[in-house]
Amino acid sequence: MTAISDRQHLSELAARAADNRLNVDFESEGMTLNIGPQHPATHGTLRIVAKLDGEQVVSAEPVAGYMHRGYEKLTEVRTYPQVTTLVNRIDWLGSFANEVPFILAAEKLMEIEAPPRAQHIRTILFELSRIANISLFLGDLGIQLGGLSVGFYAFRDREFVLNQIEAATGGRFHPNFDRIGGLKDDLPKGWIAETHTAMDKLRAFCDEVEDILIGNEIFQKRTRGVGIIPPEIAKSYGLSGPNLRGSGIDWDLRRDMCPPGLVYDKVDWKVWTHPDGDSFARSWIRLQETREATKIVDQLLDSIPSGPIMAKVPRIIKVPEGEAWVATENPLGEMGYYVVSKGDLVPFRVKIRSASFNNVSVVPWVCRGVYVPDVITILASLYFILGDIDR
Amino acid sequence: MSSADAGTQAETTEAEAEPIPTDERREALVESLRAELGDDLVGSHIRPGDDVWVRVSRDAWRAAGDAVKHKLGCTYFDFLSAIDWLPSPFGRDMDSQEDLVVHGAEPKEPAPMVAGYAGGDTRLQVFARVSSLEHRVGVTLKADLPDAEPSIDSWIPLYAGANWHERETWEMFGITFVGHPHLIHLYLPGDFEGYPLRKDFPLLARRVKPWPGIVDVEAMPGGGDDESDEGEGASE
C-alpha cells in the first residue's frame with residue numbers, strides 16, 4: 001500500500017509545485033483513452049475506457065459484450081450432452097475444465113456417480129487444462145512487460161500439455177470429452193508415461209519462468225506494490241482463484257469444497273497464498289499453482305484404478321426436476337453452474353458463473369489512481385479470458 | 001417438490017431423512033436467518049449435506065443480504081441473477097409450442113408455472129448465492145418480484161461485486177435494482193429492445209429451424225424435392 005500512497009503523495013506535491021510555478025489556476029479537462037477493444041492486454045475484445053489526468057488514471061471502466069454469445073439462452077434449447085459443446089468455448093484455454101462443473105451438476109441432479117477410474121482421469125485432464133491455461137498466462141505476462149522470450153517458451157512448452165490432451169480426447173482446445181456418468185473414452189496406450197515426461201518438461205518450464213521473469217528485477221519493479229486488492233474487497237467482489245489467494249485468503253475449492261466426482265482428496269498438494277495482494281502476488285501464485293498441478297497429475301497418473309469408464313446411464317438423458325449448484329476451482333477461478341431442471345431433455349435455466357466476470361469487475365476499483373502502464377500489468381495479472389467474461 | 005418445501009415442513013422431513021452433521025448446521029443457518037427476518041423469510045429448502053435455499057420477501061432483500069453477510073459470515077459473493085419461471089416455449093419434443101407455431105398447427109395449452117426449491121409465487125425471481133469461506137457453507141437466496149413492477153433493492157452497499165451482476169440481470173430480465181448508481185447496458189448495445197433471457201423473448205435460431213435433437217439425419221444435398229424448390233427460387 002505504501003508504494004501507491006507514496007506515489008500519490010509525490011504526484012500531489014509535484015502538482016502543487018507546478019501550480020505555484022505557473023501561479024495561475026491550471027485546470028485540464030483530462031483525457032479519455034480507449035484501451036482496446038483490440039489490444040494485446042485484453043485477451044480478446046475487451047475495451048477499457050480510461051479517464052486520465054496526465055499519466056494517472058482517474059477512472060477505468062471496462063466495456064464488455066463484444067463477444068457475447070448468449071450461452072445462457074442457448075442452453076435452454078440444447079440437450080444436456082449438447083451443452084458441453086457450448087461451455088467448452090467459455091474459457092477456451094482450459095476448455096475441459098469448463099465441462100466438468102456442468103457435468104457434475106447434471107450428475108448431482110440425476111444422482112449418478114462416475115466410476116472411480118473416470119473420476120481419476122477427469123481430475124487429471126482437469127489439471128492438464130489448468131497447466132495449459134496458466135502456462136500461457138506466464139508467457140503472456142512476459143509479453144505484456146516486454147519480455148518476449150518468455151512468451152515463446154510458453155507457447156513451446158504448452159504444446160507438450162496440449163499434445164497429451166489431444167492424444168487422450170482428440171481435441172487440442174475443445175475436447176468435449178466429459179460425459180454424464182463418466183468419460184467418452186479410456187486413455188490411449190502409452191499415455192501415462194508420455195504425460196509423466198510432459199510434466200517433467202513443464203516443471204523445467206516453471207523453473208525457467210521463475211529465473212527469467214518472476215525473479216527479474218524489472219518485472220518485480222513493475223508488479224510489486226501495484227494493483228493491491230485487500231482481502232475484504234476481494235471477497236465482496238467475488239474474486240476467485242489465484243486472485244483471491246494472491247490477496248492472502250486461503251481458499252481453494254479443490255481442497256475446501258470439492259464437489260463429488262473429482263478426487264483431489266486422494267492427492268497430496270499445497271494451496272499457495274501470498275499476503276501482498278499485488279500484481280506480483282497474483283503472478284507468483286499462478287506459477288506455484290502450475291507446479292502443484294504437475295505434482296497432482298503425477299500422483300494421479302500412478303494411482304489410476306482399473307474399472308469401467310462409464311456408469312450405467314440411460315441412452316436418452318432426462319434430468320429429474322430440481323436445482324443444483326456446482327462450482328469447481330477452474331484455472332481462472334471459481335466456475336459454477338446453477339442448473340434448474342424441469343425433468344426435460346433440456347435445462348430450464350442455466351446460470352453460468354464464470355470466474356473472469358467477477359475478476360474483471362474489480363478493475364474500476366483497482367485501477368483508480370494508477371499510471372497507465374500499470375493498468376496493463378494489473379489486467380495481465382488479474383488474467384481473464386474474454387469468453388469467460390462474455391459467455 | 002415446491003409445495004412441500006415451504007417453511008418448517010421441509011425441515012422436519014429433512015431431519016428425519018439423514019442425520020448428517022452438516023444438516024444441523026444448515027438448519028441452524030435457516031433458523032438464525034428466521035430469527036433475523038421473521039415473517040419475511042417465506043420459504044426454505046435444505047438438501048442434506050449439500051445445499052440450502054432461502055426465499056425472502058422482496059422488501060427484505062437488502063435486510064436478508066445484510067443478515068447473511070454480517071450474522072452468518074457469508075462475506076464471499078458468488079453471483080446474482082434471475083429466473084423466469086414462465087414455462088419454456090422451447091420444448092424438448094417436436095410438439096413444443098415453438099414448433100407448432102412454425103408448422104402452422106393449433107397452439108396447445110401451456111404447462112402450468114411451477115417454481116423451484118423454496119417455492120415461488122411470481123414469474124420473475126431474483127436469486128443470489130453467497131458463501132462463508134470460514135464455515136465452508138454457501139446459501140442461495142431468492143426473492144419473488146411482482147410482474148407489474150419488477151424491481152428490488154440493490155446489493156451494492158453489501159457486496160460491491162453485485163454491480164455487474166445487477167447490470168446483467170437488469171438488461172437480460174428487465175429487473176430494476178433500486179439504488180444502483182450506474183444501471184447501464186453491460187453486454188447489449190444501448191438501443192437494444194427486449195429482455196433476452198426472459199422466456200418469451202424469441203430465440204430466432206430456434207424459431208426458423210425445427211428442433212434438431214429428434215432426427216439427426218439431414219436430407220442429402222441434391223435429393224429430390226428440396227433441390228427443385230431451390231432451383232425455382234433461384235430462377236425467380
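In strand β3 of chain A, the residue E61(A) is the bridge partner of V49(A). The model in which this pair is found is a predicted one, in which local features need pLDDT of at least 70 and side-chain atom pairs count only at pLDDT 80 or more, while totals for chains, interfaces and linings use all residues. Residues are numbered from 1 along each chain as its sequence is written, and chains are lettered from A and ligands numbered from 1 in the order in which they are written.

The strand β2 of chain A, residues 47-53, is joined to β3(A) by 7 bridges, and these two strands run antiparallel. Helices (H or I, at least four residues) and strands (E, at least two) are DSSP runs, numbered from the N terminus, and two strands pair if DSSP finds at least two bridges between them. Strands of a sheet pair through backbone hydrogen bonds, either parallel or antiparallel. In chain A, 3 strands in the order β1-β2-β3 make up an open sheet with antiparallel pairing. At its edges stand β1 (31-35) and β3 (56-63) of chain A, each with a single partner strand, so that one side of each is left without a neighbour in the sheet. Neighbouring strands of this sheet are turned against each other by 20 degrees on average, direction ignored; axes are lines fitted to C-alpha atoms, for helices over the stretch in contact, and angles run from 0 to 180 degrees between N-to-C directions.

Further along chain A, another open sheet is formed by 3 strands in the order β6-β7-β8, again with antiparallel pairing. Its edge strands are β6 and β8 of chain A, each of which pairs on one side only, and its neighbouring strands are turned by 10 degrees against each other on average, direction ignored. Between β6(A) and β7(A) there are 9 bridges in the antiparallel sense, and a hairpin joins β6(A) to β7(A) through 2 residues. Within this pairing, V326(A) stands opposite Y337(A) in β7(A), and W325(A) stands opposite Y338(A) in β7(A). Helix α4 of chain A, residues 95-110, packs on the sheet and touches β6 and β7 of chain A, its direction making about 150 degrees with that of β6(A).

A residue is buried if 20 or more other C-beta atoms lie within 10 Å of its own, exposed if 12 or fewer, and partly exposed in between, with C-beta atoms placed from the backbone. Both faces of β8(A) are covered, with R349(A), K351(A) and R353(A) buried on one side and V350(A) and I352(A) buried on the other.

Among the helices of chain A, α15(A), residues 372-382, has 8 of its 11 residues buried, so this helix is largely enclosed by the rest of the structure. The buried residues include D374(A), V375(A) and I378(A), and the helix is followed by Y383(A), whose phi is positive, near 55 degrees.

The axes of helix α5 (residues 116-144) and helix α6 (residues 148-169) of chain A come within 7 Å and cross at roughly 165 degrees. The two helices are therefore roughly antiparallel to each other, a term that applies to angles over 145 degrees, whereas those under 35 count as roughly parallel, 65 to 115 as roughly perpendicular and the rest as oblique.

Finally, the contact between the chains takes 33 residues from chain A and 31 residues from chain B, where two residues are in contact if their C-beta atoms, placed from the backbone, lie within 7 Å. Among the elements of chain A that give two or more residues to this side are β6 (322-330), β7 (333-341) and β8 (349-353). In chain B the secondary structure comes to 8 helices and 7 strands, and 40% of its 236 residues count as buried.
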